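Please view the sequence and the model before reading on.

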Amino acid sequence: MIRTCLIEFELYFPYIVSIKEHRKIMQAIISDIKKQNISVLEVLNKNIRSSTLYLSVVKENEVDIKRLYDYYVNFFLDRPDIRLISYNIEIY
């Protein structure tokens, strides 16, 4: 059965001092995500050190969605320049 999902990641950038640095990091991440045919939206929060990233994807089954979710959770957890504050997934 075809499934869609919305994945939300709240990110914190402890070492960022300018919006230019923030954009450079986020543009690289967003570019990599889009290469996998995933829709992505970034919302800059109240300060330049925090953003919320939304991913939307359609997959053939829930297992593929959970693999993708786990991949990105680990991706952000493994990055020393980013703190993963919260994450959530909704599958439809």
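The points below cover the nonpolar core and then the aromatic rings.

The model is predicted: local features need pLDDT of at least 70, side-chain atom pairs count only at pLDDT 80 or more, and totals for chains, interfaces and linings use all residues. Residues are numbered from 1 along each chain as its sequence is written, and side-chain values use heavy atoms, with hydrogens and water left out.

**Nonpolar core**

- A nonpolar core is a set of buried Ala, Val, Leu, Ile, Met, Phe, Trp, Tyr and Cys residues joined through side-chain atoms within 4.5 Å; buried means under 20% relative accessible area, exposed over 50%, and partly exposed in between (1.4 Å probe, protein chains only).
- The largest such core has 24 residues, and Phe9, Leu11, Leu53, Leu55 and Phe76 have the most contacts inside it.
- Two or more residues each come from β1 (3-12), α1 (19-34), β3 (50-59) and α2 (62-77); helices (H or I, at least four residues) and strands (E, at least two) are DSSP runs, numbered from the N terminus.
- The largest share, six residues, comes from α2.

**Aromatic rings**

- Rings of Phe, Tyr and Trp (its six-membered ring) pair if their centres lie within 6.5 Å; planes under 30 degrees apart count as stacked, over 60 as edge-to-face and the rest as tilted.
- The structure holds seven aromatic pairs.
- Phe9 and Tyr69 are stacked, at 6.5 Å centre to centre and 20° between the planes.
- Phe9 lies in strand β1 and Tyr69 in helix α2, so this pair ties together parts 60 residues apart in sequence.
- Phe9 is buried at 0% relative accessible area, and Tyr69 is buried at 13%.
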